[in-house]
Amino acid sequence: MEIKTTAVAGTLESSDIQIMLAAGDTGIQIDLESDVIKQFGAQIKQVITTTLQQLGIENAKVKAVDKGALDCVIKARTITAAQRALEQTTPAWEVL
């Protein structure tokens, strides 16, 4: 699926993550900012990448600012940003 617009989901509050999704052309590129990047950076990137692939997105630029979010929150914010970027109004229940 092709991203139609830049979209954001999430906040910069504690235990949350802000995901900004924009069109890309060379796969899924993730720019991650996190206080726990050394411990959990690979896991955060994996959750974002897997979720986008399940939604059929192959090319995207992702800017993620993590404030200690759990995997379920990362996935939810990624789905929301993707649906906004794809301009979809129907939830992708199969990804959940």
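Me: In what order do the elements of the protein run from the N terminus on?
Reply: They run β-β-β-α-β-α. In this predicted model, the protein has 2 helices and 4 strands.

Me: What makes the protein as compact as a globular protein of its length?
Reply: Its radius of gyration is 12 Å, close to the 12 Å that the globule rule gives for 96 residues, so the protein is as compact as a globular protein of that length. Along its principal axes, the C-alpha trace spans about 30 × 25 × 20 Å.

Me: Where in the protein does D16 lie?
Reply: You will find D16 in the loop between β1 (7-9) and β2 (17-23).

Me: Why does D16 count as buried?
Reply: Buried means under 20% relative accessible area. D16 has 7% relative accessibility, so D16 counts as buried. Of the 96 residues of the protein, 38% count as buried.

Me: Which residues does D16 touch, leaving aside residues up to four places away in sequence?
Reply: D16 touches G10, T11, V65, D66, K67, G68, A69, V73 and R77.

Me: What makes the pair of D16 and R77 side chains a polar contact?
Reply: A polar contact needs a pair of N or O atoms within 3.5 Å, one able to donate a hydrogen and the other to accept it. The side chains of D16 and R77 make such a contact at 2.9 Å.

Me: How many positive and negative side chains does the protein have?
Reply: There are 9 positive and 12 negative side chains, and the centres of these two sets lie 2 Å apart.

Notes. Residues numbered from 1 in each chain as written. Predicted model: local features only at pLDDT ≥ 70, side-chain atom pairs only at ≥ 80, totals over all residues. Heavy atoms only, no water. Rg over C-alpha atoms; globule rule 2.2 N^0.38 Å. Buried < 20%, exposed > 50% of the residue type's maximum accessible area, 1.4 Å probe, protein only. Lys, Arg positive; Asp, Glu negative; His and termini not counted. Charge placed at Lys NZ, Arg CZ, Asp CG, Glu CD. Contact = heavy atoms within 4.5 Å.
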